[in-house]
Amino acid sequence: MKLGSILGILMLAAAIIYGEWKGSKEKRARIVSAGITAVAAVIGIILLFQPRLPGPTQVMKLVFGSVDKIMK
């Protein structure tokens, strides 16, 4: 079952990268979007095996939580 989920995540990431690659004309934008998508796919696969790890939303709250309090 996890193999199917991994393949699904990888296929979705590949489709997103392909679409962004064809849609963007700048090399830097292509590389950045592919990198962000690849990192998100890796995080998704890791969370598939270790569901108790904090997700990206919790990590961003941890990193930028104090900034939010200062902004208020």
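In what order do the elements of the protein run from the N terminus on? They run α-α-α, in what is a predicted model, where local features need pLDDT of at least 70 and side-chain atom pairs count only at pLDDT 80 or more, while totals for chains, interfaces and linings use all residues. Residues are numbered from 1 along each chain as its sequence is written, and side-chain values use heavy atoms, with hydrogens and water left out.

**View 1. The protein has three helices and zero strands.** Helices (H or I, at least four residues) and strands (E, at least two) are DSSP runs, numbered from the N terminus. The radius of gyration, taken over C-alpha atoms, is 16 Å, well over the 11 Å that the globule rule (2.2 Å times the number of residues to the power 0.38) gives for 72 residues, so the protein is more spread out than a compact globule. Along the principal axes, the C-alpha atoms fill a box of roughly 40 × 40 × 15 Å.

**View 2. Ser24 sits in the loop between helix H1 (2-23) and helix H2 (27-49).** Ser24 counts as buried because its relative accessibility is 15%, where buried means under 20% relative accessible area, exposed over 50%, and partly exposed in between (1.4 Å probe, protein chains only). Of the 72 residues of the protein, 12% count as buried.

**View 3. Around Ser24, the side chain reaches the backbone oxygen of Glu26 at 3.5 Å.** Leaving aside residues up to four places away in sequence, Ser24 touches Ala29 and Arg30, contact meaning heavy atoms within 4.5 Å.

How values were computed: A polar contact is a pair of N or O atoms within 3.5 Å; within protein, one must be able to donate a hydrogen and the other to accept it, and residues adjacent in sequence count only if both atoms are side-chain atoms.
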